[in-house]
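Biologist: Could you walk me through this model, taking one element at a time?

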Amino acid sequence: MGAFKLGRMTMRSLFGKPACAMYPVKTREPYPRTKGHIEVDIETCILCGICEKKCPAGAITVSKPERTWTINPFSCVQCDSCWQVCPKKCLTMESTYTAPSAAMSARIVSKPEAAVAG
Amino acid sequence: MATRTIIPFGPQHPVLPEPVHLDLVLEDETVVAAIPQIGFVHRGLEKLVEKRDYMQFVYVAERICGICSFGHSLGYSQTVEALMGIEVPKRAEYLRVIWHELSRVHSHLLWLGLLADAFGYESLFMHSWRLRERVLDIFEETTGGRVIFSASNVGGVKNDIEDSQLAGIVAVLDGLASEYAELSGAFLNDYSAASRMKGVGVLTKEQAHTLGCVGPFGRASGLGADIRALGYGAYEDLSSFAPVTAAAGDCYARCEVRVKEVLQSIEIIRELAAKIPAGPVSVPVKGAPEAGAEMASRLEQPRGECFYYAKGNGTKFLERFRVRTPTAINIPGMVTALAGCQLADVPMIVLTIDPCISCTER
């Protein structure tokens, strides 16, 4: 038994660099695998709806008639299910977080009409 | 006989990370009895098994608790795999155990910080959590999540850890272990820490056995029960495994067991990282659990033995899923340890069972 068992560690903390980053002045680089948010390449998307079926949180809605792919970022649990089952590999998990939002609104991505041949 | 007073303690209390309510029956400053009450964070997650198919439910299972999240996804996955007769690749089993042991390291470091906070040693609390951050960084690097990983699913694991990353993990843990040696010295050898913990909240081996205590709480009273010793998953490939036990059964013994278990977990990760086999990390899963088929499995969570039960009904939705968590079993032991203690020691004794009420109530 004794006292000041944490003395060396305390001295290192006093004179060393702080353990925390000065957020938001300094931000840390995310890891390549960090789950930030889901992005869709709507040009490649065929609106098949498999991601909607596999999503355990019901965050994704795909509408073929309206040609939209919708995600509610507040429901998404970032489980990787959607992009892993996507047959066209048009979904990606980006490592950056989405910006803060004042309203809990869904993000709707519309697929442009296919160019008429000729 | 002194006048008896009943003091309500919790569910909202500065020392409690989670809501448990105790009615403390006092004679002067001495606790004569404690009457526990839970049920403040019940979410009905087990019922959700009827609404999410057995592949989707793993994401619900890992949200039973934030600290044991990987353990719950692993427990659920291995129960459903046994129910459906799925054999998981060896590499996946190793990766699961590596993540599970890392979870134990971060859970115990979190607990050590909370304990230091409970007996008023703020800098020790901060340093414990500073070290824990490194483990959370490993989780983020390897799974993408810091608390909820979504790494384990039925049939294996979702992503591999490359060998270079495994070497990096071991290097981080080596650095952590050297700083942890200083930290553990403060917990085990510092006079002020020992004076708050030694001889406080004693639970004898007989009492722990009678009340069925599990995990570090039971092992601190001398019970040698540790489900990892049964050799499930990759634990069977360990060269040796012996549960960490202590004899005294007081708060200091519980701290000592957890302090040593962190080092034991680091050793397990080192050994498994050195001999992890190459190969696939998951197998395709098809079909559904048979109607009426039942399966139960156990695993050692950071807080103790956790029991899982699943029953199929022939569809993709399970008939029933049940979790019995270590805290639910340790509450009678905690109440026994509280009897006879001083009022000022109550927060610390409650903390030493490492209560996880979110797990208990699901």
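Biologist: Which residue in β3(B) is the bridge partner of Leu24(B)?

Modeller: The bridge partner of Leu24(B) in β3(B) is Ala34(B); strands here are DSSP runs of E of at least two residues, helices are runs of H or I of at least four, and both are numbered from the N terminus. This is a predicted model, where local features need pLDDT of at least 70, side-chain atom pairs count only at pLDDT 80 or more, and totals for chains, interfaces and linings use all residues. Residues are numbered from 1 along each chain as its sequence is written, while chains are lettered from A and ligands numbered from 1 in the order in which they are written.

Biologist: How many bridges join β2 to β3 in chain B?

Modeller: Strand β2 (residues 21-27) of chain B and strand β3 (residues 30-37) of chain B run antiparallel and are joined by 7 bridges, where pairing takes at least two DSSP bridges. They form a hairpin with 2 residues between the strands, and Asp28(B) in the turn has a positive phi of about 55 degrees.

Biologist: Switching to chain A, what's its pattern along the sequence?

Modeller: Chain A reads α-β-α-β-β-α-β-β, which comes to 3 helices and 5 strands. Its radius of gyration, taken over C-alpha atoms, is 22 Å, well over the 13 Å that the globule rule gives for 118 residues, so chain A is more spread out than a compact globule; that rule is 2.2 Å times the number of residues to the power 0.38.

Biologist: And what box do its C-alpha atoms fill?

Modeller: Along the principal axes, the C-alpha atoms of chain A fill a box of roughly 85 × 30 × 25 Å.
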